[in-house]
Amino acid sequence: TPEPAPAAGPTWDALQVGWRPAAAPASREVTASVRRAGRREGRALAIVGGAALIAGAIIGDDAGTVIMISGAVIGLYGLWLWQR
């Protein structure tokens, strides 16, 4: 049997760019592994946020303040993920 020819013109798949949602997980094992991955990512973000706070304090001035504020936001988000 011959393969079907590709569709001529624009398609919905060609319009979508970036992340696409995956299908629903098939079992509880998959959701448990996803939950553990979120905790690991949260811990990493908390550590990176703390490091950014320290780096911003060392840098000082306006640039240091911006780095400290962004580090605080990243760190708090990481703590939220980690403790969830």
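This is a predicted model: local features need pLDDT of at least 70, side-chain atom pairs count only at pLDDT 80 or more; totals for chains, interfaces and linings use all residues.
**Figure 1. The whole chain, seen through its contacts.** Residues 24 or more positions apart make up 60% of the protein chain's contacts that have a separation of 6 or more. Going along the sequence, you read the pattern α-α-α. Of the 84 residues in the protein chain, 13% count as buried.

**Figure 2. G71, a buried glycine in helix α3****.** Helix α3 covers residues 61-83, and G71 is found there. With a relative accessible area of 0%, G71 falls under the 20% cut-off, so this residue counts as buried. Setting aside neighbours within four places in sequence, G71 is in contact with G49, A52 and L53. A46 is worth a look too: from C-alpha to C-alpha, A46 and G71 are 8.8 Å apart in space, while 25 residues separate them in sequence.

**Figure 3. Y77 and W80, an aromatic pair in helix α3****.** Search the whole structure and you find 1 aromatic pair. That pair is Y77 and W80, and it is stacked, at 6.0 Å centre to centre with 25° between the planes. Both residues lie in helix α3, 3 residues apart, which is about one turn of the helix. How exposed are the two partners? Y77 is partly exposed, with a relative accessible area of 43%. W80 reaches 51%, over the 50% cut-off, so W80 counts as exposed.

How values were computed: Residues are numbered from 1 along each chain as its sequence is written. Side-chain values use heavy atoms; hydrogens and water are left out. Helices (H or I, at least four residues) and strands (E, at least two) are DSSP runs, numbered from the N terminus. Buried means under 20% relative accessible area, exposed over 50%, partly exposed in between (1.4 Å probe, protein chains only). Contact means heavy atoms within 4.5 Å. Rings of Phe, Tyr and Trp (its six-membered ring) pair if their centres lie within 6.5 Å; planes under 30 degrees apart count as stacked, over 60 as edge-to-face and the rest as tilted.
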